[in-house]
Amino acid sequence: TVWTVAWRGTYFGVPEPFQEVSDTLRVYNPARESRQRSDSGQLRVDWALGAGLNLETSLGLARFRHDQPEPGAVLPTHFEGRETRFQSALRITTGPRSGLSLRLEGQDTRQNGDVNPAILGAAKGTQAGFGLEWTFEPLPGTRFLGQARGTRDRQSLVQGGTDTEVLSASGHTLRLGFNQDLGGGFRLYAAGGSGRTTPTLLQQLRNSQIPGTAPLRMEQSTSLQVGLGWGQGNWYGRLESQQQTGKDLIGPSGLAYVNQDRVRVRGTDAAIGWRTAKKLGLEAFVRAQEARYLNAPDGQQFSTSASQRRPFSTHGLKGFMGWGQVQTEVHYTLQGHQYSSFGDEGGRAAANGLPPVIRATQVVYRDLGLSTSVTAGRHWTFIMRGEHLLQPRTTPDQWLTASREGQNDAYIIDGYPAAPPSYSFEARFRF
């Protein structure tokens, strides 16, 4: 029997000087900031019940407290939430080439308030779930995987001392996959699945303040993945395609959230690399993707909110090098053109009858970062990091006059300057 107790607490503040962002108005406020504190803890017990029989049980508690200004506001709004989660998994070795896992889960969540001070009350959610996972290798080199999970969900709003149920439904997640060794270092793999999931508490809470909004329905999704992997000596490679199709997916519409119905995202990834055991490695990767809102006319399926912030292509390099107790890592990524909304900060434009502008950014975003870690003895590790090393620093005057608008590497979200180069030092002590 192994007992594990863990706790983590964080507190940080982030400047948010960009008070107003639109095509016609920009307001810079250097005193504007948000603050966040979060605490989480977990108790876990692992039992070895016998040959091929193990039980894992955990109880986790988490809480967050935010002080964050809403778009256009000067002063922050306080809101907070908490979550309690129970999980228990029984793992059974059913044969020399098969295994079965049974999982029982429970979750209780609550959020009080929102970044918008006009949103009052709280949202509560409870979920009970049961799942199983089955693995089977009928022949050497042929592996099958099956996963199934069912949930029962309830969500309610607490306002003025009244607890009103807004959703009571069942959800599920199903996934089937296989992996086949082809010889010569090649392997073929594929997986497919479907799911039905609940809206978030935040979406329910925001909709409660807007008269006439339709009740949010469960989101439905299906996925398909096919890939070919290869490994020979120190070399490896991968070619993979995925498709996700969603129905009744939830997204913003003005100040409210609505079920937006059918969205399809397709993508293809490829990578090739070379590595040795923890000493030297380099990988090149590329991804191409598209996102379509299938309810829109053919000529408009790409220029909707469903396509936002999904770069048409991405490629880059990442590598590592180690010697003795020193390890250095570097990564470089280039994100291509993408669609983004502009002029709808906080949903006010849509509320006034002015829909957001969905447009291609026409810029690329290149990101370079590196880190070096040094292990000193059994307990100490020192880490130095440099992030966003290619991004220009945007001054308040440059942002107010939009002089960097359309400049490569200066923006990743339309209207907001990219994070400038940053450097950090971290010391870890492990018992």
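Modeller: Let's begin with Q362, which sits in the loop between β21 (357-360) and β22 (365-376). Strands like these are DSSP runs of E with at least two residues, and helices are runs of H or I with at least four, numbered from the N terminus. The model is predicted, so local features need pLDDT of at least 70, side-chain atom pairs count only at pLDDT 80 or more, and totals for chains, interfaces and linings use all residues. Residues are numbered from 1 along each chain as its sequence is written, and side-chain values use heavy atoms, with hydrogens and water left out.

Colleague: Why is Q362 called exposed?

Modeller: Its relative accessibility is 55%. Exposed means over 50%, buried under 20%, and partly exposed in between (1.4 Å probe, protein chains only). Q362 therefore counts as exposed.

Colleague: What makes the link between the side chains of T372 and T328 a polar contact?

Modeller: The distance between them is 3.2 Å. A polar contact is a pair of N or O atoms within 3.5 Å, where one must be able to donate a hydrogen and the other to accept it within protein, and residues adjacent in sequence count only if both atoms are side-chain atoms. T372 also touches V326, Q327, F382, I383 and M384, among others, leaving out residues up to four places away in sequence. Touching, or contact, means heavy atoms within 4.5 Å.

Colleague: How do you know that S98 is buried?

Modeller: S98 has a relative accessible area of 18%, so S98 is buried. This residue belongs to strand β7. Its side chain makes a polar contact of 2.7 Å with the side chain of T94, and a polar atom of that S98 side chain lies 3.4 Å from the backbone nitrogen of G95. Beyond four places in sequence, S98 is in contact with T93, T135 and F136.

Colleague: Which residues make up the largest nonpolar core?

Modeller: There are five: I119, A123, L157, L201 and L205. The name is for buried Ala, Val, Leu, Ile, Met, Phe, Trp, Tyr and Cys residues joined through side-chain atoms within 4.5 Å. L205 touches I119, A123 and L157, among others, not counting residues up to four places away in sequence. In soluble globular proteins, nonpolar side chains tend to be buried together.
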